[in-house]
Amino acid sequence: MPTFSLSTECLRKLRASRWLAAGALFLASHAADAQTTSTWNNKQCAVVLTYDDAIDVDLDNAMPALDSLKLRGTFYLIGSSPAVSKRLPEWRRAAQRGHELGNHALFHPCDGSLPGRGFVTPDNDLSKYTVSRAVSEIRVNNTLLNAIDGKTARTFAYPCGDRQIGGVNFYDQLKGEFVAARGVTPSLQTAAQVQLDNVDCYGINGQSAAYMIDLVKQAQQSHTLLVFLFHGVGGGHSINVDLAAHRQLLRYLKAHEKDIYIAPMVEVAERIKAAQQGGAARK
Ligand SMILES: [Zn+2]
């Protein structure tokens, strides 16, 4: 019957076009993979180790563990922290060894109007800030960090992950002064998926080495960026990772260094920025 043969013909064309579409998708995803791999310094994935809040254990526990394996991380400093004012030469030497001193604001203001924010003091309540005050304090912290390490390129981390004051994204005014800003949402992302004004990360609080190493393996398989967020390392903060678990993670990273690009946030973000602006970074 004519209708039958017409349908068969349609079906055949439809199948052919599906094959073409599948082929195009395959090529596109391969091109995306190639781009992602070059962004990760021609390795399988990127891992960034970040440490928040400028606490003594950064210098006493986390940094010695990193240095012993020649790994580098990002330390998000609160300018007003006593661990900054009392130990300036140590932070300066840390930067000279290649660690990034990131900006975590001058006073770590968080939005006290949100649920579960009983710890926020009236002085440091972001919901009571004006946008210009938040922006100014973060700029002053950049000046302080520049006086310590002499650098102008660095990244920011949102205190408590809070990005808005009265519905306004305060970082919009700071975009030109940072390479990227780290948020607090957990996910693995390809270079194309990363939002440089809110880079995702996995906050660690008591998880095992096996959990953290499994995340790294997932990043290796999916060719994505994995950012860890630590506070205390072997104590020093209510949010903590066990010292031995942290060491085991670093040992896994070191043992797989040929497959995993491990660098401070500013360096990884520079590469992502270059890739997103077209043309992968080939440094
Ligand atoms: Zn913090």
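# Exercises on helices and loops

Helix α8 is followed by G278, whose phi is positive, near 100 degrees. The model used in these exercises is predicted.

**Exercise 1.** Find how many helices and strands the protein chain has, and what share of its residues is buried.

*Solution.* Begin with the elements: the protein chain contains 8 helices and 12 strands. Next take burial: 36% of the 283 residues count as buried. Finally, look at contacts with a separation of 6 or more: 76% of them join residues 24 or more positions apart.

**Exercise 2.** Describe the span of helix α8 and state which of its residues are buried.

*Solution.* Helix α8 covers residues 265-276, which makes 12 residues. From the first C-alpha to the last it reaches 16 Å, close to the 16 Å expected at 1.5 Å a residue. The buried residues in α8 are M265, E267, V268, A269, R271, I272 and A275. To read such a list, recall that an α-helix has 3.6 residues a turn, so residues three or four places apart point the same way.

**Exercise 3.** Decide whether α2 and α7 are roughly parallel or roughly antiparallel, and list the residues that meet.

*Solution.* Two packed helices are described by the angle between their axes and the distance between the axes. Helix α2 (residues 56-68) packs against helix α7 (residues 243-255) at an angle of about 25 degrees, and their axes are 10 Å apart. Angles under 35 degrees count as roughly parallel. Therefore α2 and α7 are roughly parallel to each other. The crossing of α2 past α7 is right-handed. On the α2 side the contact is made by N61, A65 and L66, and on the α7 side by L243, H246, R247 and L250. Sorted by class, the residues of this contact are 4 nonpolar, 2 polar and 1 charged.

**Exercise 4.** Repeat the analysis for α6 and α7: what are the angle and the distance between their axes?

*Solution.* The angle is about 30 degrees and the axes lie 8 Å apart. With the same cut-off of 35 degrees, α6 and α7 are therefore roughly parallel to each other. Here too the crossing, of α6 past α7, is right-handed. A209, M212, I213 and V216 in α6 meet A245, Q248, L249, Y252 and L253 in α7. This contact has 8 nonpolar residues, 1 polar residue and no charged ones.

**Exercise 5.** Is N205 buried or partly exposed, and which residues does N205 contact beyond its neighbours within four places in sequence?

*Solution.* First locate the residue: N205 sits in the loop between β8 (202-203) and α6 (209-222). Then count: 13 other C-beta atoms lie within 10 Å, so N205 is partly exposed. Leaving aside neighbours within four places in sequence, N205 is in contact with I239 and N240.

Terms used: Residues are numbered from 1 along each chain as its sequence is written. This is a predicted model: local features need pLDDT of at least 70, side-chain atom pairs count only at pLDDT 80 or more; totals for chains, interfaces and linings use all residues. Axes are lines fitted to C-alpha atoms, for helices over the stretch in contact, and angles run from 0 to 180 degrees between N-to-C directions. Helices (H or I, at least four residues) and strands (E, at least two) are DSSP runs, numbered from the N terminus. Angles under 35 degrees count as roughly parallel, over 145 as roughly antiparallel, 65 to 115 as roughly perpendicular and the rest as oblique. A crossing is left-handed if the near helix is turned anticlockwise from the far one by less than a right angle, and right-handed if clockwise. Two residues are in contact if their C-beta atoms, placed from the backbone, lie within 7 Å. Ala, Val, Leu, Ile, Met, Phe, Trp, Tyr, Cys and Pro count as nonpolar, Asp, Glu, Lys and Arg as charged, and the others, Gly among them, as polar. The expected span of a helix is 1.5 Å times one less than its number of residues. A residue is buried if 20 or more other C-beta atoms lie within 10 Å of its own, exposed if 12 or fewer, and partly exposed in between; C-beta atoms are placed from the backbone.
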